[in-house]
Amino acid sequence: MFSMNIYSLIGAVIAAVIVIGLISSGSLAVPETDTIALGVIAPLSGDAAAYGEPVRNAVSIAVDEINESGGIDGRLVEPIYEDGKCNGKDAASAAQKLVNVDKVHYIVGPVCSAEAFGLIPVTSTENVFVFSPGSSAPKLAGITPYFMRTYPNDNITGVALADYLSMSHKTAAIITEATDYGLGIKEVFVAQAEKNGMHVVSAEDFTTSTADFRTLIARVKSANPDVIFINPQTSANLLRVAKEVRELGINAAFAAVVFNDPETVGAGTAVEGMTLIGTPGLSIEEKGTAFVDSYTKLYGTPSYAFFAGAAYDNVYLIKQAIEAVGDDTDKVQAYLHGLKNYDGTLGSYRFDQNGDIVGLPSVVQRIVSGKLITLPYTK
């Protein structure tokens, strides 16, 4: 019994020595466990989930493609999805979890500006890099070197809409959802409209929880504007306001930004003739077309294709930066700020010193019989 234990012990030692030797010589592969954690914060519930779901799906597509091709410098990407719920409080909580528990260094998202304002105090103190495919409030420009975005600053969109409408209208009303996004674009639009000589005769705000718009709509009706700019956070509230405006007998022209999603475009008489200004569609070049094909096969047609394409580009831009300068957020943000040009699903673009996307034109469209037509416009 004693001798058998001695022999067993000797055998075990010899086996261990052999294994160690194989590992050191490279004959026995050691499993790679190091990954790059990628946080994703987007509205995944409520009305704003219409924005967040395409972002989540697009990130998933990009991550799967990257991992299937060997990862980033041989490290697989591990996405961690959190619901920012389109508000600052929940986005801040999501960021706290990603930064302090999951130890992420990179976050794709958020979509809503309120989410961005909520999470940046959490992420910037830890030098976590945040790459937004949708947060567009003007006050986010240059807020920290660690925040960049592939969605145009509302300074561009608000000015473009005011410029376009002032060519054919003398008076305007604006109905705004009182969020960081809505109030930011309202400020820009009103200033540019007045500069152009188009008088804003009524400016009404409502809270996200508002269910009945008749009182504020009555004030708009009494002002008798030529055009009404409906300026909500979500397409759901756009449609609620538009329907009530028409029900109260107001026939003024409608305008809005961004909301070229199938739900809005197909909403019928309430939105017929509405002028929309926003971002162009995805690039018809190889990257844009290939991405839409991949997305459609997995999830159907994206409801907000631009948000989806922007998020997809964000993941690949982070990959490109890490492979160029290393897994260091100081170097990554500096690399991306200095990038001369990127050809992505959105087209060809770069970023300015404030981290804002540069190079994408504004596009004007109109809803006609449930379809979008593009109108002549140069800006």
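In this predicted model, Pro361 is partly exposed, with a relative accessible area of 43%. That value falls between the 20% under which a residue counts as buried and the 50% over which it counts as exposed, which is why the intermediate term applies. Pro361 sits in the loop between β13 (357-358) and β14 (363-368). Leaving aside residues up to four places away in sequence, Pro361 touches Gly278, Thr279 and Pro280.

Thr279 is buried, with a relative accessible area of 13%. Again not counting residues up to four places away in sequence, its contacts are Tyr151, Pro152, Phe306, Pro361 and Val363. One of these, Phe306, falls within the residue range of helix α11, 305-325.

Helix α11 has 21 residues. From its first C-alpha to its last it reaches 30 Å, close to the 30 Å expected at 1.5 Å a residue. Of its 21 residues, 15 are buried, so α11 is largely enclosed by the rest of the structure. After α11 comes Gly326, with a positive phi near 100°.

The packing of helices comes next. Two packed helices are described by the angle between their axes and the distance between the axes. For α11 and helix α12 (residues 329-337), the angle is about 110° and the axes are 9 Å apart. The two helices are therefore roughly perpendicular to each other. Their crossing is right-handed. On the α11 side the contact is made by Leu317, Gln320, Ala321, Ile322, Ala324 and Val325, and on the α12 side by Lys331, Val332, Tyr335 and Leu336.

Helix α11 also packs against α2, at an angle of about 35° and with the axes 8 Å apart. The crossing of α2 and α11 is right-handed. The residues of α2 that make this contact are Tyr51, Pro54, Val55, Ala58, Val59, Ile61, Ala62, Val63, Glu65 and Ile66. Those of α11 are Phe307, Ala308, Ala311, Tyr312, Val315, Tyr316 and Lys319.

Helix α2 itself covers residues 49-68. It has 20 residues and reaches 28 Å from its first C-alpha to its last, close to the 28 Å expected at 1.5 Å a residue. Another partner of α2 is α10: their axes come within 11 Å and cross at roughly 110°. That makes α2 roughly perpendicular to α10. In this pairing, Glu53, Pro54, Asn57, Ala58, Ser60, Ile61 and Glu65 of α2 meet Phe291, Ser294, Tyr295, Leu298 and Tyr299 of α10. Pro54, Ala58, Ile61 and Glu65 are among the α2 residues that take part in the contacts with both α10 and α11.

What follows α2 in the chain is the loop between α2 and β2, where Ser69 is found. Ser69 is exposed, with a relative accessible area of 58%. The C-alpha atoms of Ser69 and Thr345 are separated by 19 Å, and the two residues are 276 residues apart along the chain.

How many disulfides does a search of the whole structure find? It finds one. Cys86 and Cys112 form this disulfide, with their sulfur atoms 2.0 Å apart. The pair links distant parts of the chain, 26 residues apart: Cys86 is in the loop between β2 (76-83) and α3 (88-101), and Cys112 is in the loop between β3 (106-108) and α4 (113-124). The torsion about the S-S bond is about -100°, so the disulfide is left-handed. Both Cys86 and Cys112 are buried.

Finally, the chain as a whole. Its secondary structure comes to twelve helices and 15 strands. Buried residues make up 52% of its 379 residues. Among contacts with a separation of 6 or more, 69% are between residues 24 or more positions apart. Taken along the principal axes, the C-alpha atoms fill a box of roughly 105 × 40 × 40 Å.

Conventions. Residues numbered from 1 in each chain as written. Predicted model: local features only at pLDDT ≥ 70, side-chain atom pairs only at ≥ 80, totals over all residues. Heavy atoms only, no water. Helix = DSSP H or I, 4+ residues; strand = E, 2+ residues; numbered from the N terminus. Expected span 1.5 Å × (residues − 1). Buried < 20%, exposed > 50% of the residue type's maximum accessible area, 1.4 Å probe, protein only. Disulfide = S-S within 2.5 Å. Axes fitted to C-alpha atoms, helices over the stretch in contact; angles between N-to-C directions. Parallel < 35°, antiparallel > 145°, perpendicular 65-115°, else oblique. Left-handed = near helix turned anticlockwise from the far one by under 90°. Contact = heavy atoms within 4.5 Å.
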